Amino acid sequence: MASTVLEDFRTAIIEAIETAAPKLLGKVQCGAVDEGTVAPFATYSSPEEHPIRTKDGIAGCDILFEVEVFSNSVVQAEHLKRCVRDAVEGLSFAGQTCKFRGASSDYYPDYDLHSWNLTFKVI
């Protein structure tokens, strides 16, 4: 993806998440989280392209990215997951659309954080 498309992607994702979940306003970061970030917060990954290979060559690319929401409350983490899923599902940019693929949850006992990792496919 071109650099300007990635910028549009980042801006569109952050705006959609912050609009849908005001508790995440200013707390959506790319990849790693700053040490001082207080829960709740969210992270997202830049899109990754995976070639679709066939016997005739490469037929296209799957473009995947993830958004992960964190909270020190199970209920709030679940609520944030739903808000983010609904906000990002169907989001369009550069002629492409985000589709929800699946989610998994985790708990980090050292930090008392619950999280949901949401995977999206760009088509």
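Colleague: Great. What kind of model is this?
Modeller: It's a predicted model.

Colleague: How many helices and strands does the protein chain have?
Modeller: Two helices and seven strands. In sequence order the pattern is α-β-β-β-β-α-β-β-β.

Colleague: And how does the radius of gyration compare with the globule rule?
Modeller: The radius of gyration is 15 Å, close to the 14 Å that the rule gives for 123 residues, so the chain is as compact as a globular protein of that length. The C-alpha trace spans about 50 × 25 × 25 Å along its principal axes.

Colleague: What percentage of the residues count as buried?
Modeller: 38% of the 123 residues. As for the surface, the chain exposes about 7,000 Å², and carbon and sulfur atoms supply 50% of that.

Colleague: On to the core. Which residues touch the most other members of the largest nonpolar core?
Modeller: Ile17, Leu24, Phe65 and Val88, out of 27 residues in that core. Helix 1 (3–20), strand 2 (41–44), strand 4 (57–71), helix 2 (74–88) and strand 7 (113–122) each supply at least two residues.

Colleague: Which element gives the most?
Modeller: Helix 2, with six residues. In soluble globular proteins, nonpolar side chains tend to be buried together.

Colleague: Let's zoom in on Leu24. What does it touch?
Modeller: Setting aside residues up to four places away in sequence, Leu24 touches Ile17, Glu18, Pro40, Phe41, Ala42, Val69, Leu80 and Val84.

Colleague: Now the histidines. Is His114 buried or exposed?
Modeller: His114 is buried: its relative accessible area is 18%, and the cut-off for buried is under 20%. You'll find His114 in strand 7.

Colleague: What's around His114?
Modeller: Beyond residues up to four places away in sequence, His114 touches Val69, Phe70, Ser71, Asn72, Ser73, Val74, Ala77, Asp106 and Tyr107.

Colleague: And where is His50?
Modeller: His50 is in strand 3 (residues 48–54). With a relative accessible area of 33%, His50 is partly exposed.

Colleague: Which residues does His50 touch?
Modeller: Not counting residues up to four places away in sequence, Gly60, Cys61, Asp62 and Leu64. The C-alpha atoms of His50 and Gly60 are separated by 8.5 Å, and the two residues are 10 apart along the chain.

Colleague: Switching to Gln29, which strand is it in?
Modeller: Strand 1 (residues 28–30). Gln29 is buried, with a relative accessible area of 15%. Apart from neighbours within four places in sequence, Gln29 is in contact with Asp34, Thr37, Ala42, Thr43 and Tyr44. Ala42 also turns up among the residues that Leu24 touches.

Colleague: One more residue: where does Gly102 sit?
Modeller: Gly102 is in strand 6 (residues 96–108). Leaving out neighbours within four places in sequence, Gly102 is in contact with Asn117, Leu118 and Thr119. Gly90 is 12 residues from Gly102 in sequence, and their C-alpha atoms are 14 Å apart.

Colleague: Last topic, charges. How many positive and negative side chains are there?
Modeller: There are 11 positive and 18 negative side chains. The centres of the two sets lie 8 Å apart.

How values were computed. Residues are numbered from 1 along each chain as its sequence is written. This is a predicted model: local features need pLDDT of at least 70, side-chain atom pairs count only at pLDDT 80 or more; totals for chains, interfaces and linings use all residues. Side-chain values use heavy atoms; hydrogens and water are left out. A nonpolar core is a set of buried Ala, Val, Leu, Ile, Met, Phe, Trp, Tyr and Cys residues joined through side-chain atoms within 4.5 Å. Buried means under 20% relative accessible area, exposed over 50%, partly exposed in between (1.4 Å probe, protein chains only). Helices (H or I, at least four residues) and strands (E, at least two) are DSSP runs, numbered from the N terminus. Contact means heavy atoms within 4.5 Å. The radius of gyration is taken over C-alpha atoms; the globule rule is 2.2 Å times the number of residues to the power 0.38. Accessible areas come from the Shrake-Rupley method with a 1.4 Å probe; for residues, only the protein chains shown count as cover. Lys and Arg count as positive and Asp and Glu as negative; His and the chain ends are not counted. The place of a charge is taken as NZ of Lys, CZ of Arg, CG of Asp or CD of Glu.
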